[in-house]
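Here's a quick tour of a protein model. Have a look at the fold before reading on.

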Amino acid sequence: MKTKDNLGRIADALETIARAMTGDDTHRDYVLGAANAYHWQGEDGTMLPVNKVSRVPLAMLRGIDHVRDLLLANTEQFARGHGANNALLWGARGMGKSSLVKAIHADIEARDGFERLVLVEIAREDLETLPALMRMISGQPARFIVFCDDLSFDSGETSYKSLKTILDGGLEGRPDNVLFYATSNRRHLMPRDMIDNERSTAINPGEAVEEKVSLSDRFGLWLGFHNSDQDNYLAMVSGYADYYGLGIDRETLRARAIEWAATRGARSGRVAIQLVRTLAGEEGKVV
């Protein structure tokens, strides 16, 4: 039975891809729902509403002011119907890449003066069905940010070609009402040893590498997130503690923060908020 179910899912996915490749406008009568966040279901070609997005307020994100301002300005331009770029948020783990995308979407959604802005999350495994998603939303009365979290490609994968075609270079290209935002720990979306291996084994190493690393060039906006130093990390902890109204004094908070980072072996926004959740629990508060 399990094998039969798996075969059924594979057949559905192949049908979705075939529709996208042949231009079958199956979704021409699609009516966008009231939700402003969705998860794309690549297997059956549908958008699942997400009524409560897991995110934090934009004001809570500390230590990433420069990249925050750049991405916010880019998204505001897009939500006003003006020119904007696809964005790649790359760099250190736990520094707020995906949190920033979701927080900016919520911030713009809550303000006046913008067109309706819808966030659609797509899993890396569903990228080959991206053309079908683009056709579904291209004619809708809204602007869309298609968001892929933790995007990367390993040796032997070819799904990056679907993304390259959509971002830039394909006959249809990206619809005017769609931007693509992605987060990744890798600047070129693939591990360094994979790039080096292409150089060492290919007949024409330059062309083999160029085909893969050129994907990141399709993003007009590159935003780097780097490991935090201690001062920045302590500022994050202090900011989160203030936001949630914790009663711990500054010296104790500093000592706890340094100890907490030492036990985790890292200093980042994720480590900072994990500490604040612990401190809030000790005070009987929920964050």
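What follows covers the sheet, the nonpolar cores and one histidine.

## Ground rules

This is a predicted model, where local features need pLDDT of at least 70, side-chain atom pairs count only at pLDDT 80 or more, and totals for chains, interfaces and linings use all residues. Residues are numbered from 1 along each chain as its sequence is written, and side-chain values use heavy atoms, leaving out hydrogens and water.

## The sheet

Seven strands (DSSP E runs of at least two residues) make an open, mixed sheet ordered E2-E1-E4-E5-E6-E3-E7; pairing takes at least two DSSP bridges. E2 (46-49) and E7 (221-225) are the edges: each has a single partner strand, so one side of each lacks a neighbour in the sheet.

Inside, E3 (residues 87-91) runs parallel to E6 (residues 178-184), joined by four bridges. Leu 89 sits opposite Thr 183 in E6.

## The cores

A nonpolar core here is a set of buried (under 20% relative accessible area, 1.4 Å probe, protein chains only) Ala, Val, Leu, Ile, Met, Phe, Trp, Tyr and Cys residues joined through side-chain atoms within 4.5 Å. The largest has 48 residues, and those touching the most other members include Leu 89 and Tyr 233. Helix H10 (residues 269-282) gives this core its largest share, seven residues.

A second, separate core has 32 residues, among them Trp 90 and Val 178.

## His 105

His 105 belongs to helix H3 (residues 97-109); helices are DSSP H or I runs of at least four residues. Is His 105 buried or exposed? His 105 is buried, at 1% relative accessible area. Its side chain reaches the backbone oxygen of Leu 117 at 3.0 Å.

Definitions and conventions: Buried < 20%, exposed > 50% of the residue type's maximum accessible area, 1.4 Å probe, protein only. Polar contact = N/O pair within 3.5 Å; in protein donor to acceptor, adjacent residues only side chain to side chain.
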